[in-house]
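Biologist: Before we talk about the ligand and the backbone, could you put the model on the screen and take me through it step by step?

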Amino acid sequence: MTIFESKINDTVKLVFATNNQYKLREVQELLPEGIEVLTLQDIGCHEEIEETASTLEGNAKIKTDHVKNGYGYDCFADDTGLEVSALNGAPGVYSARYAGENVTFDDNVNKMLSELRGEKNREARFRTVVSLFWKGKQYFFEGVCVGRIEEKKSGDQGFGYDPIFTPEGYQKTFAEMSSEEKGEISHRGKAIQKLVSFFEDKV
Ligand code: IMP
């Protein structure tokens with residue numbers, strides 16, 4: 001059964017703890033009708049949630065803890081890092097701040113291109129950890145997408161490092177794919193697929 005045909009009998013209501021509209025769109029496209037998503041705006045959570053952990057798991061959990069403890073909702077959140085082999089796994093959990101504090105996606109992409117200039121080993125992977133807090137219990141789901149860092153940007157879809165990341169087996173970057181196409185093969189898509197399967201077993 002594919003994710004698009006998933007059967008969840010009772011509706012599950014979850015807050016998705018993100019302010020990233022691209023992530024929200026990608027995830028909403030992947031969830032079956034049985035999972036209803038509330039946004040941080042919907043629950044009146046407008047404050048910035050500081051991501052202070054040194055692991056993806058830790059940061060994803062900070063976001064769900066914030067919603068669970070402050071607002072009392074079942075919720076999920078993702079944290080994602082780009083792990084580049086030639087940089088010994090960097091920037092990883094620090095992917096949002098690779099070029100410094102308060103930088104744009106483009107600043108991070110430009111720094112990556114310049115760090116890898118002349119580098120033959122272009123191998124990289126995206127890794128997502130989804131934290132789920134549901135009915136008093138904590139769960140984690142991981143998704144990985146292996147690929148390569150291109151030498152220049154291509155495409156204008158998506159966000160973050162999408163214009164320079166080509167997934168293995170493809171001839172185009174994530175930024176040259178629709179969000180549906182990206183969601184079927186991406187790190188976040190795979191982690192969300194596991195979350196959906198979890199609910200298929202439970203409700
Ligand atoms: P976050 O902490 O999960 O929001 O992710 C950290 C950084 O990784 C983001 O600021 C983006 O630059 C990058 N990132 C996360 N997910 C993706 C993705 O799906 N494609 C490209 N870049 C991403």
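This is a predicted model: local features need pLDDT of at least 70, side-chain atom pairs count only at pLDDT 80 or more; totals for chains, interfaces and linings use all residues.

Biologist: What is the phi of Asn 88, and is it positive or negative?

Modeller: Most residues other than glycine have a negative phi. Asn 88 is not a glycine, and yet its phi is positive, at about 55°.

Biologist: Turning to the ligand, where does it sit, and how much of its exposed area does the protein bury?

Modeller: The ligand sits in the largest pocket. An oxygen atom of the ligand is 2.9 Å from an N or O atom in the side chain of His 187. Taken alone, the ligand exposes 470 Å², and the share of this that the protein buries is 93%.

Biologist: Which elements give two or more residues to the shell around the ligand?

Modeller: The shell holds 15 residues, and the closest are Lys 23, Asp 162, Lys 182, His 187 and Arg 188. By type, the shell divides into five nonpolar, four polar and six charged residues. The elements that give two or more residues are strand 3 (75–84) and helix 5 (187–202).

Biologist: Which side chain has an N or O atom 2.6 Å from a nitrogen atom of the ligand?

Modeller: For Glu 51, the side-chain N or O atom is 3.3 Å from an oxygen atom of the ligand. The 2.6 Å distance to a ligand nitrogen belongs to the side chain of Asp 162.

Biologist: With which residue does Arg 188 meet in a salt bridge?

Modeller: The whole structure has 17 salt bridges. In this one, the N to O distance is 2.8 Å, and the partner of Arg 188 is Glu 26. The pair links distant parts of the chain, 162 residues apart, with Arg 188 in helix 5 and, in helix 1 (residues 21–30), Glu 26.

Notes: Residues are numbered from 1 along each chain as its sequence is written. Side-chain values use heavy atoms; hydrogens and water are left out. A residue is near a molecule or strand if one of its heavy atoms lies within 4 Å of it. A polar contact is a pair of N or O atoms within 3.5 Å; within protein, one must be able to donate a hydrogen and the other to accept it, and residues adjacent in sequence count only if both atoms are side-chain atoms. Accessible areas come from the Shrake-Rupley method with a 1.4 Å probe; for residues, only the protein chains shown count as cover. On a 1 Å grid over the protein atoms alone, a cavity is a set of points where a 1.4 Å probe fits but cannot get out, and a pocket is an open set with protein on both sides within 12 Å along at least five of seven lines; lining residues have an atom within 4 Å of a point. A molecule sits in a cavity or pocket if more than half of its atoms lie within 2 Å of its grid points. Helices (H or I, at least four residues) and strands (E, at least two) are DSSP runs, numbered from the N terminus. Ala, Val, Leu, Ile, Met, Phe, Trp, Tyr, Cys and Pro count as nonpolar, Asp, Glu, Lys and Arg as charged, and the others, Gly among them, as polar. A salt bridge is a side-chain nitrogen of Lys or Arg within 4 Å of a carboxyl oxygen of Asp or Glu.
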